[in-house]
Amino acid sequence: MTSRPSVLVIGEALIDIVEREGGDVEFVGGSPANVAVGIARQDVPATLLTRLGRDDRGRRIADQVGASGASVHDASWTDAATSTARARLRADGSAAYEFDIVWELDAEAAAEAAATASLVHSGSIALFLQPGGEVALSTLGRARQAGTIVTVDPNVRPALVGADPLPVAERAFAAATLVKLSDEDAEALYPGVPAAQVLETIAALGPRIVVMTRGGEGALGLGASGLVEVAPLAVEVADTIGAGDAFMASLITSLVDDADLLAGDAAALQRALRRAAVTAGITVSREGADPPVRSEVDAAV
């Protein structure tokens, strides 16, 4: 039997400290860590290369990643403290973040891990914050040149990425096979530009598929066959933490499962977007970043 393709996820893992009435609640978070968990819960082997402290929070992250079926790369461990993000929930369930994070990455470990992966994913703080950002970007570029599938989610954090995130984002996009971004990312990178034009601009840099999530308006995808649109899953929202990461994890799973997706098949893109919308919808119906397992998605698609 042929083994399942393996996915390498490069990026931050941290603890989300969510302010609630009655006190703070801590959840395992960090966009790439959430993606690794989401991929593994869809029964696809995943390894997370990150930066974790040898402390209680770091061990908690590693335990949750491991419980999902994913693994934490040995080069991820450090003697420094595990990073955190304090999340203040708005009235609509969305979150505003304050970060306490240092991002460093072992370049040799990243190169070696990418060389044995079938798909490499990165995004969020991991692309923009130095010194690890340059290592992540270089790893993506080399992986794409080697013929490996590369996926990117910029997940732009204005408080961390500096005055102009576009050059870094477009460098990542140029290395990617598939890009997923949110409408908020699009506004940060291409202010005032219509959604379809944003997708076309990014596609012109080299990705074969570009997808934009639009919250309650669903998602829009551009592939070789043109534009495809899907509606969101109708749920009662607990909070939106991890929704985009669940969507991204589902797209990665579809790339592994469905060869027609990269062949430019419109029906395959429609299936992938629908499955991702369902995965994200289930996630927002729960507190924290808690993506569903494959059987839950199968039952709701």
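In this predicted model, nine strands form an open sheet with mixed pairing, arranged in the order S6-S4-S1-S10-S11-S12-S13-S14-S15. Its edges are formed by strand S6 (71-72) and strand S15 (226-230), each of which pairs on one side only. Strands of a sheet pair through backbone hydrogen bonds, either parallel or antiparallel. Within this sheet, strand S12 (residues 178-182) and strand S13 (residues 209-213) run parallel and are joined by five bridges, with Val-179 having Val-210 in S13 as its bridge partner.

Helices also pack against these strands. Helix H11 (residues 266-284) packs on the sheet, where it touches S13, strand S14 (219-223) and S15, and its direction makes about 30° with that of S15. Helix H3 (residues 107-115), for its part, lies across strand S1 (7-10), strand S4 (46-49) and strand S10 (119-123), and it runs at about 155° to S1.

A further contact is made between two helices. Two packed helices are described by the angle between their axes and the distance between the axes. On the H1 side, Ser-31, Asn-34, Val-35, Gly-38 and Ile-39 take part, meeting Asp-245, Met-248, Ala-249, Ile-252 and Thr-253 in H10. Sorted by class, the residues in this contact of H1 with H10 are five nonpolar, four polar and one charged.

How values were computed. Residues numbered from 1 in each chain as written. Predicted model: local features only at pLDDT ≥ 70, side-chain atom pairs only at ≥ 80, totals over all residues. Heavy atoms only, no water. Contact = heavy atoms within 4.5 Å. Helix = DSSP H or I, 4+ residues; strand = E, 2+ residues; numbered from the N terminus. Nonpolar A, V, L, I, M, F, W, Y, C, P; charged D, E, K, R; others polar. Pairing = 2+ DSSP bridges. Axes fitted to C-alpha atoms, helices over the stretch in contact; angles between N-to-C directions.
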